[in-house]
Amino acid sequence: MKFKKIAALAVVVAIVGAVGAGLYWWQQNNTPKSTVAWGSVDVREVNLSFEASGRIAELTKEEGDRVSAGETIGRLDTELLEIQLAQAQADLKQLDAAWRLARDGFRSEDIAKAKASREAVKRELTLAQLQEKRQRALFNAKASSKDALDQAEWTRKTLQAQLAAQTAEVSRLEAGSRPDEVVQALAAKEAGKAACDALRYQIEKAGRIVSPVSGIVRTRLTEPGDMTSASRTVYQISITSPKWVRVYVSEAQLGIVKPGAPALVLTDTTAPLKATVGSVSSLAEFTPKTVQTQELRTALVYEVRLIVKDAEDILKLGQPVTVDFASDGLKPIKEGKSE
């Protein structure tokens with residue numbers, strides 16, 4: 001009797017288990033997967049500072065002001081740099097003139113002048129040679145002193161050296177500058193130009209802050225009159241365009257979340273906005289604490305980034321949102337149901 005009761009109980013347990021397994025299989029294969037995920041509007045910031053060091057002359061934006069990409073929002077005092085630039089430009093003119101002289105060679109007037117000087121020295125040398133000859137004859141006839149002969153000889157040798165120098169000068173002028181001299185003069189000119197460009201860059205670019213993005217000034221950390229450097233942040237700009245939404249989906253939802261797929265972004269206070277899936281993380285992670293879902297926080301999820309079309313700037317940075325990955329991308333679907 002006891003054995004029969006045990007057997008009957010075992011049969012009941014087996015039947016219940018089979019029914020439970022069947023119900024579980026049916027639920028897994030027939031229950032629609034949720035198209036809903038939760039997240040928030042992504043907060044992205046750019047920290048802006050001056051490239052150069054100096055005293056801040058002007059900051060045009062306050063906290064909360066909107067900034068357009070390419071807009072100048074800060075300027076350093078560049079008076080000293082402008083003085084240095086004027087001096088560098090004057091030096092550049094001098095270097096440019098020296099390069100042109102080296103490149104073009106010497107004028108015909110300079111060559112003619114050198115030749116005339118050489119002819120003058122030749123005539124003086126001819127006269128000195130005659131005087132030396134006379135002094136030697138007088139000395140041999142004991143009609144002149146040794147000192148007079150030495151003086152005549154010294155004058156002749158001096159004029160011969162001057163003639164050699166004048167001849168070399170004429171040859172140099174006729175040949176023009178050596179190639180290395182032209183290269184040296186050009187290099188000096190290019191260095192002067194680079195110095196001017198560096199100072200101009202310091203004034204026009206390094207001495208200004210130009211916003212690379214469109215956004216909103218979240219924080220202004222300095223004031224006009226402060227000394228600053230490249231390592232000191234002046235503005236923190238929150239990026240508003242393009243606007244991103246970051247949500248987290250479960251493994252079961254990966255089949256309906258593909259890059260380029262449409263989606264709807266919903267909040268408690270605004271109308272739905274169209275979005276496009278930008279990327280899906282290939283790495284699973286535990287649900288971040290900032291995401292509020294109905295699943296256990298120990299469940300693994302995948303980060304999804306969406307690009308939102310928000311021309312009217314309806315969504316606010318950091319705002320909690322619900323994203324619906326409905327296949328048509330036009331009508332929100334309630335959680336737990338699909339088309």
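Predicted model: local features only at pLDDT ≥ 70, side-chain atom pairs only at ≥ 80, totals over all residues.
How are helices H3 and H4 oriented to each other, roughly parallel or roughly antiparallel? Two packed helices are described by the angle between their axes and the distance between the axes. Helix H3, which runs over residues 108-140, and helix H4, which covers residues 146-175, pack at an angle of about 160 degrees, and their axes lie 8 Å apart. Because angles over 145 degrees count as roughly antiparallel, H3 and H4 are roughly antiparallel to each other. The way in which H3 passes H4 is a left-handed crossing.

These two helices belong to a protein chain whose secondary structure comes to five helices and 15 strands. Of the 339 residues of the chain, 30% count as buried. Among the contacts between residues at least 6 apart in sequence, 75% join residues that are at least 24 apart.

Helix H5, residues 179-206, has 28 residues, and the distance from its first C-alpha to its last is 38 Å, close to the 40 Å expected at 1.5 Å a residue. The buried residues of H5 are Ala185, Lys189, Gly192, Cys196, Leu199, Ile203 and Ala206. An α-helix has 3.6 residues a turn, so residues three or four places apart point the same way. The partners against which the buried residues of H5 pack are strand S5 (72-76), helix H2 (79-104) and strand S6 (208-210).

Arg220 has a relative accessible area of 11%, and because buried means under 20%, Arg220 is counted as buried. Its side chain makes a polar contact with the side chain of Glu223, at 2.4 Å. Leaving aside residues up to four places away in sequence, Arg220 touches Leu59, Lys61, Glu62, Glu63, Val234 and Tyr235.

Leu315 is buried, with a relative accessible area of 1%. When residues up to four places away in sequence are not counted, Leu315 touches Val41, Lys243, Val245, Val265, Thr267, Thr270, Leu273, Val308, Asp310 and Val321. For one of these residues, Val265, the separation can be stated: the C-alpha atoms of Leu315 and Val265 are 9.5 Å apart, although the two residues are 50 residues apart along the chain.

Notes. Residues numbered from 1 in each chain as written. Heavy atoms only, no water. Buried < 20%, exposed > 50% of the residue type's maximum accessible area, 1.4 Å probe, protein only. Polar contact = N/O pair within 3.5 Å; in protein donor to acceptor, adjacent residues only side chain to side chain. Contact = heavy atoms within 4.5 Å. Helix = DSSP H or I, 4+ residues; strand = E, 2+ residues; numbered from the N terminus. Expected span 1.5 Å × (residues − 1). Axes fitted to C-alpha atoms, helices over the stretch in contact; angles between N-to-C directions. Parallel < 35°, antiparallel > 145°, perpendicular 65-115°, else oblique. Left-handed = near helix turned anticlockwise from the far one by under 90°.
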